[in-house]
Amino acid sequence: MTGKPVLGVDDNEDLRSARVDPRGMRELLGAQTECTFSFTTEKGWPAGVVMSFLHHDGTFWLTAAADRSHARAAACDPRVTLVISNAGTALPGRRMLAVRGRATVHTDRATKDWFYPAFSARLAPGDPASFARLLDSENRVVIEVDPVRVAVSHDSTKMAGDGRGGRL
């Protein structure tokens with residue numbers, strides 16, 4: 001082999017150059033509505049659930065019934081990670097972000113009043129009012145995740161052969 005190894009052709013180990021850039025992050029967050037919400041259980045075990053999210057003004061917003069393990073965990077230990085991939089979207093390649101953040105669990109009416117319509121418009125554009133009504137129950141909380149940092153990211157479109165070998 002002569003010259004510098006080509007990522008995705010000769011090398012698939014050092015993936016630093018295949019991180020998601022700001023444009024790619026905007027594309028991914030604009031296309032995806034689901035993430036894996038990772039948290040620590042009451043007994044200290046790592047756990048995760050797939051949840052729908054709304055990305056609004058740089059913050060992630062989710063909702064759950066208050067008695068669910070992930071809602072209780074976020075109230076006890078605000079350190080969470082959201083893993084977002086492009087699976088199920090029209091975006092090419094394989095893209096992902098793992099975003100560490102601090103969760104705040106909201107039960108107040110003001111948060112619910114802006115969140116449910118915005119969330120429903122994004123996730124149920126055909127009938128957002130019905131979805132918002134369904135969500136607006138006494139036992140539901142809104143979880144705000146303020147990002148601390150992107151812990152891991154990957155964008156296979158930055159690799160020759162989309163990271164599966166071959167040339168660009």
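## A bridge between a helix and a loop

Asp136 is partly exposed, with a relative accessibility of 35%. The model that shows this residue is predicted.

Asp136 has a charged partner. Its side chain meets that of Arg109 in a salt bridge, with N and O 2.7 Å apart. Arg109 belongs to helix α3, residues 109-123. Asp136 sits in the loop between α4 (128-135) and β7 (140-155). The two parts are 27 residues apart in sequence, so this pair ties them together. Arg109 is partly exposed too, at 41% relative accessibility.

## A charged network

Other salt bridges share partners, and these join Arg23, Glu27 and Arg95 into one network. In total, the structure holds 6 salt bridges.

Take Arg23 and Glu27. Their salt bridge brings the closest N and O atoms to 2.7 Å. What separates these two residues along helix α1? About one helical turn, because they are 4 residues apart in that helix, which covers residues 22-31. Arg23 has a relative accessible area of 46%, so the residue counts as partly exposed. Glu27 is also partly exposed, at 29%.

Glu27 has a salt bridge with Arg95 as well, at 2.5 Å from N to O. Here the link spans a stretch of sequence. Arg95 lies in strand β6 (residues 95-106) and Glu27 in helix α1, so the pair ties together parts 68 residues apart. Is Arg95 buried or exposed? At 7% relative accessibility, Arg95 is buried. The cut-off for buried is under 20%.

## Aromatic rings

The structure holds 8 aromatic pairs. One of them is Trp61 with Trp114. Their ring centres are 4.9 Å apart. The planes meet at 85 degrees, so the pair is edge-to-face. For that label the angle must be over 60 degrees. Trp61 lies in strand β4 (residues 59-65), while Trp114 lies in helix α3. They are 53 residues apart, and the pair links distant parts of the chain. Trp61 is buried, at 8% relative accessibility. Trp114 is partly exposed, at 29%.

Trp61 also pairs with Phe115. How are these two rings arranged? Their centres are 6.5 Å apart and their planes stand at 35 degrees, so the pair is tilted. This pair, too, links distant parts of the chain, with Trp61 in strand β4 and Phe115 in helix α3, 54 residues apart. Trp61 and Phe115 are both buried.

Which residues make up the aromatic cluster? Trp61, Trp114, Phe115, Tyr116, Phe119 and Phe131 form it as one cluster.

## Confidence

How confident is the predictor? The protein chain has an average pLDDT of 87. A score of at least 70 is reached by 83% of the residues.

One stretch calls for care. Over residues 5-11, pLDDT stays under 50. For this stretch the model has 20 contacts beyond four places in sequence.

Notes
Residues numbered from 1 in each chain as written. Predicted model: local features only at pLDDT ≥ 70, side-chain atom pairs only at ≥ 80, totals over all residues. Heavy atoms only, no water. Salt bridge = Lys/Arg side-chain N within 4 Å of Asp/Glu carboxyl O. Buried < 20%, exposed > 50% of the residue type's maximum accessible area, 1.4 Å probe, protein only. Phe/Tyr/Trp six-rings, centres within 6.5 Å; stacked < 30°, edge-to-face > 60°. pLDDT = per-residue confidence, 0-100. Contact = heavy atoms within 4.5 Å.
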